[in-house]
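Good morning, colleagues. Please look at the sequence and the model on the screen while I go through the main points.

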Amino acid sequence: MFDFGWQEFVMIAFVLVLVVGPKDLPKVLRAVTKVTGQARQMAREFTNSLEQATADSDMKSVKSMVSDLKSGNLEDMARIIDDQDVKAELGKIKENVDVASISHDVKDIQKAGRKATAPKPSQDKS
């Protein structure tokens with residue numbers, strides 16, 4: 001931030017003692033540090049709110065892209081890319097991909113995974 005050396009700090013302290021006086025110097029320093037702390041807190045809150053707003057908007061666009069991919073709606077993605085060659089390629093891919101069979105295959109894989117991880121009944125014969 002600022003490049004202060006020890007000479008500058010001594011000069012500032014000397015001027016503060018002359019202007020404020022040694023009696024009121026601790027009160028003034030407390031007030032300055034309190035205001036500085038509040039300013040830093042406000043800056044942190046502002047930065048966090050901007051980061052959160054950015055993350056929310058990014059997540060919305062990612063969620064919409066994922067839902068478009070799941071539904072097979074590749075036109076929106078092509079509009080995002082905005083390239084005629086890419087649009088043509090995506091159209092060809094959409095014609096060749098059978099979304100229903102892919103989702104059926106995914107469901108079968110999920111069922112098989114659940115069966116494999118299901119706890120086996122214990123067979124205690126005591």
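The protein chain averages a pLDDT of 77, and 74% of the residues score at least 70; pLDDT is the predictor's confidence in each residue, from 0 to 100. This is a predicted model, in which local features need pLDDT of at least 70, side-chain atom pairs count only at pLDDT 80 or more, and totals for chains, interfaces and linings use all residues. Residues are numbered from 1 along each chain as its sequence is written, and side-chain values use heavy atoms, with hydrogens and water left out.

The protein chain has five helices and zero strands. Helices (H or I, at least four residues) and strands (E, at least two) are DSSP runs, numbered from the N terminus.

Let us turn to H1. Its 15 residues reach 21 Å from first C-alpha to last, close to the 21 Å expected at 1.5 Å a residue; that expected span is 1.5 Å times one less than the number of residues. Just after H1, Gly 21 adopts a positive phi of about 100°.

Is Phe 14 buried or exposed? Phe 14 lies in helix H1, residues 6–20, and counts as exposed because its relative accessibility is 52%. Buried means under 20% relative accessible area, exposed over 50%, and partly exposed in between, with a 1.4 Å probe and protein chains only. Across the protein chain, buried residues make up 6% of the 126 residues.
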